[in-house]
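Hi there,

Here is the structure I promised to pass on.

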Amino acid sequence: MLELRMSLQSVMMALALVLVFMGPDPNMAAPPGKPDDEPFDLENYDLNNEMDWENLDVNVYGDSYDYDDLDQEIEVGNVAPDTPSAPNQPTSEHYEEEVTLPTLPPAPVTLDFKGPGLFGPETGLGMPTCLLCVCIGGSVYCDDMGLDQIPLLPKDTTHFYSRFNTIRHVKNTDFINLNKLRSIDLTGNQISGMDEDVFRSLPQLQELLLADNNLRAMPELPITMKRIDLRNNRLISHGVHSEGFQDMSQLEFLYLSNNNLDYIPTPLPLSLRVLHLQNNNILTLHEDTFCNRHDRYFIRHNLEDIRLDGNPLNINLFAQAYVCLPRLPVGNH
């Protein structure tokens, strides 16, 4: 036993010498219950007697720690850390501004067919050219576009088409300064009135197509006419100018069917080839309607197509009215 005790003392002294040469570890805390200046008694040190494990106060060792920090939650975001942006590149702030900008309702758009900017620089009144209508060469196409008036046209317009719209009235200023205009087609509108001189200022007008409208009277037309189409209107005989066709030396086609005419508008030019008057209220014919009673040798060579069917007229009763014709008219016998 004495030898064992001496061996233990030798080991403890060796450990003490090691501690002396190495120096004390600053992170090693002193055993509890011993002052800092009291040396250890290695011979009498008993862990069971010196350490009260059941009543151990963790605060003795944990004064330098804040355990509340360990309970704090780490917030993880989904936004990447800010990095320097290249010049003129949009940042997240820019995107946020774009998203939060208020949405304004679109401004109302009004179409003014007579206003500046709608048509181009070579129009009758110096306005810009067509934007709504299709302009190809000298032809302007405005069919089925819901127009309720004639738009301003380029001054080099030769053919104007505005069929199947809702035009009700045609004014004498609608075709002003259009000296090259040769054809006007307003078929299938709702035209019930026209200014008397609306076509008077058109020196080259040759075709006027006004079928399927509500006209009761026909305006004055230039003598350059070659084709006139007024089918399916409400024309009355008093609405057609007396001798209105006489001086039209180039007129070849005259379509007046499905109206309310009660006699044929005479005199008719010698150039006339086609005359359609079916479905009117014509009751009688005169010897001078087609022929010249003062000239028995007069022959109307060009007029080969006359339609009088659908009228309350018996053509057998007026044989003298056809003697100068190359072909008898079509009508009720």
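Let's start with aspartate 143, which counts as partly exposed because its relative accessibility is 24%. The terms work like this: buried is under 20% relative accessible area, exposed is over 50%, and partly exposed is in between, using a 1.4 Å probe and protein chains only.

Before going on, a word on the background: this is a predicted model, so local features need pLDDT of at least 70 and side-chain atom pairs count only at pLDDT 80 or more, while totals for chains, interfaces and linings use all residues. Residues are numbered from 1 along each chain as its sequence is written, and side-chain values use heavy atoms, with hydrogens and water left out.

**Salt bridges**

A salt bridge here is a side-chain nitrogen of Lys or Arg within 4 Å of a carboxyl oxygen of Asp or Glu. That rule gives 8 salt bridges. In one of them, aspartate 143 pairs with arginine 163, with 2.6 Å between the closest N and O atoms. This pair links distant parts of the chain, 20 residues apart: arginine 163 sits in the loop between strand 3 (159-161) and strand 4 (169-170), and aspartate 143 in the loop between strand 2 (139-141) and strand 3. (Strands are DSSP runs of E, at least two residues, numbered from the N terminus.) Arginine 163 is partly exposed too, at 24% relative accessibility.

Another salt bridge joins aspartate 229 and arginine 231 at 2.7 Å, N to O. Is aspartate 229 buried or exposed? At 3% relative accessibility, aspartate 229 is buried, whereas arginine 231 is partly exposed at 34%.

Then there is arginine 293 with aspartate 288, at 3.1 Å from N to O. Arginine 293 is exposed, with a relative accessible area of 55%, and aspartate 288 is partly exposed at 34%. Shared partners also join the salt bridges of Asp143, Arg163 and Asp185 into one network.

**Asparagine 189**

This residue lies in the loop between strand 5 (183-185) and strand 6 (193-194). Asparagine 189 counts as buried because its relative accessibility is 5%. What does the side chain of asparagine 189 reach at 3.2 Å? The backbone nitrogen of isoleucine 167. A polar atom of the asparagine 189 side chain also lies 3.4 Å from the backbone nitrogen of threonine 166. Leaving out residues up to four places away in sequence, asparagine 189 touches several residues, including Phe164 and Asp212 (contact means heavy atoms within 4.5 Å).

Enjoy exploring!

Technical notes
Helices (H or I, at least four residues) and strands (E, at least two) are DSSP runs, numbered from the N terminus. A polar contact is a pair of N or O atoms within 3.5 Å; within protein, one must be able to donate a hydrogen and the other to accept it, and residues adjacent in sequence count only if both atoms are side-chain atoms.
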